Amino acid sequence: MTLRLSSAGESHGPALVAIVSGLPAGLELDRAAIDADLKRRQEGYGRSPRQQIEQDRVEVLAGLRHGRTLGTPLALVVRNVDHKNWTWGMAPWPPEGEPSGKGTKPVTLPRPGHADLAGVQKFGHTDVRDSLERASARHTAVHVAAGAVAKALLATIGISVAGSTVDEEGLRVRIDEARAERDTVGGLVEVRATGVPPGFGSYATKEDRLDARLAAALMGIQAVKGVEIGDGFALALLRGSQAHDEIDTSKRRTSNRAGGIEAGISNGEEIVVRAAMKPLPTLMKPLGSVDLETGQAGDALVERSDVAAVEALAVVAEAAVAWELAVAAKEKFGGDAVGDFVAAHRAYIERIAWH
Ligand SMILES: Cc1cc2nc3c(=O)[nH]c(=O)nc-3n(C[C@H](O)[C@H](O)[C@H](O)COP(=O)(O)O)c2cc1C
């Protein structure tokens, strides 16, 4: 069974939901480990007070018994605690009583750089909120929960995945400067996966290529505008003799400029990917926009927002990479029971004599 993930949930709606199917039975999940990743996503320099309102915790509604997967769809829920302030504004059904709380007035001033204008044009909404609520990165919380499940599966075959920011000190200085000027910043994150054997992904089609899949997974995260695998963009300026990784007699590489992937297939070296995040589009000193109700010029929507979310992106990107690697691992080793999955991995490692 292929590993699949689907999710639903708006930023200020009642909850975020993910359904993970195709997991082998008997995989042990650690609730504290999933919650720890949810907490990491909420932390980080430059985040807004929303993160103090939300104390993300995973709930499991199906697919798990006594901490072990049943081989059936796993239903994960992360509640939006802030929804209590939006019960009228974000009520799924027509709200009763007088408007109260947040989200009662339509948003008509789209933010440059956000989903607001293209979203209402595409879907025929009149209230920008009908677009921005899902476009918001809030629902990455439940993807982080799914990523933690993927990491548990990968751990059974010795693979670990870790995301971090690139140049954390420089980032903090830029965040302080931007905050003082009521502006926002972006930045770079890196994800490294160790223990991936040669042979994940393939070269036959772009759907098979592991590099393409990781790039799509990272580019699929809000505000990511660039992705590189290994030395990526820098390779374009090098000679071939400087760019490729020589093979030694143990079939390992003496360098890792390829970032652990050649021809769309993992080559057994550490997988290294980077993503570039643009500065966040919600500005306390707003850019120019148009009022969709009156047609007059106006300032874009100002809503509580982060100065930066680069450290959070590192956690979300880690989850996205873990998810893609888990999909590729499940594709390669199969297994309805986790023991089958682990045994297939062991047999393969023996066949290629990989250490
Ligand atoms: C973890 C995370 C947190 C984010 N927080 C904010 C935020 O507080 N304010 C904001 O304007 N954008 C935030 N964004 C970025 C927007 O969601 C994103 O720019 C927007 O949906 C438009 O999509 P695009 O940037 O991919 O074109 C965040 C993104 C991520 C990954």
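# Briefing: loops, sheets, core and ligand shell

Lys-251 is placed in the loop between α9 (240–243) and β10 (261–262), where helices (H or I, at least four residues) and strands (E, at least two) are DSSP runs numbered from the N terminus. The structure is a predicted model, in which local features need pLDDT of at least 70 and side-chain atom pairs count only at pLDDT 80 or more, whereas totals for chains, interfaces and linings use all residues. Residues are numbered from 1 along each chain as its sequence is written.

**Loop residues**

- Lys-251 has a positive phi of about 70 degrees although it is not a glycine, and with 13 C-beta neighbours inside 10 Å it counts as partly exposed. A residue is called buried if 20 or more other C-beta atoms, placed from the backbone, lie within 10 Å of its own, exposed if 12 or fewer do, and partly exposed in between.
- Arg-182, in the loop between α6 (168–180) and β8, also has a positive phi, of about 50 degrees, without being a glycine. Because 12 other C-beta atoms lie within 10 Å of Arg-182, this residue is exposed.
- As background, most residues other than glycine have a negative phi.
- Gln-55 belongs to the loop between α2 (50–53) and β3 (59–62), and its 12 C-beta neighbours inside 10 Å make it exposed. Its C-alpha atom is separated by 25 Å from that of Leu-283, which is 228 residues apart from Gln-55 along the chain.
- Pro-281 is found in the loop between β12 and β13 (288–290) and, with 19 C-beta neighbours inside 10 Å, counts as partly exposed. Leaving out residues up to four places away in sequence, Pro-281 touches Arg-111, Pro-112, Gly-113 and His-114, where contact requires C-beta atoms, placed from the backbone, to lie within 7 Å.

**The four-stranded sheet**

- Four strands form an open sheet in the order β7-β8-β12-β9, and their pairing is antiparallel; two strands are said to pair if DSSP finds at least two bridges between them.
- At the edges stand β7 (160–165) and β9 (224–229), each with a single partner strand, so one side of each has no neighbour in the sheet.
- Neighbouring strands of this sheet are turned against each other by 20 degrees on average, direction ignored, while α10 packs on the sheet, touching β7, β8 (187–194) and β12, with a direction that makes about 155 degrees with that of β7. For such values, axes are lines fitted to C-alpha atoms, for helices over the stretch in contact, and angles run from 0 to 180 degrees between N-to-C directions.
- β7 and β8 are joined by six bridges in the antiparallel sense, and in this pairing Thr-165 stands opposite Val-189 of β8.
- β9 pairs with β12 (residues 271–277) over five bridges, again antiparallel, and the bridge partner of Val-227 in β12 is Ala-275.

- β1 and β2 form a hairpin with six residues between them, and Gly-9 in the turn has a positive phi of about 140 degrees.
- Five bridges join β1 (residues 4–8) to β2 in an antiparallel arrangement, in which Ser-7 stands opposite Ala-18.
- β2 (residues 15–21) is also joined by six bridges to the antiparallel strand β6 (residues 74–79), where Val-78 is the bridge partner of Leu-16.
- The covered face of β2 holds Leu-16, Ala-18 and Val-20, and its uncovered face holds Ala-15, Val-17, Ile-19 and Ser-21.

**Nonpolar cores**

- The largest nonpolar core has 74 residues, and those with the most contacts inside it are Ala-145, Ala-146, Val-321 and Leu-325; its largest share, 18 residues, comes from α10 (residues 310–333). Such a core is a set of buried Ala, Val, Leu, Ile, Met, Phe, Trp, Tyr and Cys residues joined through C-beta atoms within 7 Å.
- Ala-145, apart from its neighbours within four places in sequence, is in contact with Ala-18, Ile-34, Leu-38, Val-58, Leu-76 and Val-78.

**Around the ligand**

- Of the 20 residues around the ligand, those that come nearest are Ala-137, Gln-222, Thr-282, Asp-306 and Ala-309; a residue counts as near if its C-beta atom, placed from the backbone, lies within 6 Å.
- α10 gives the most to this shell, with three residues.

Conventions
Contact = placed C-beta atoms within 7 Å.
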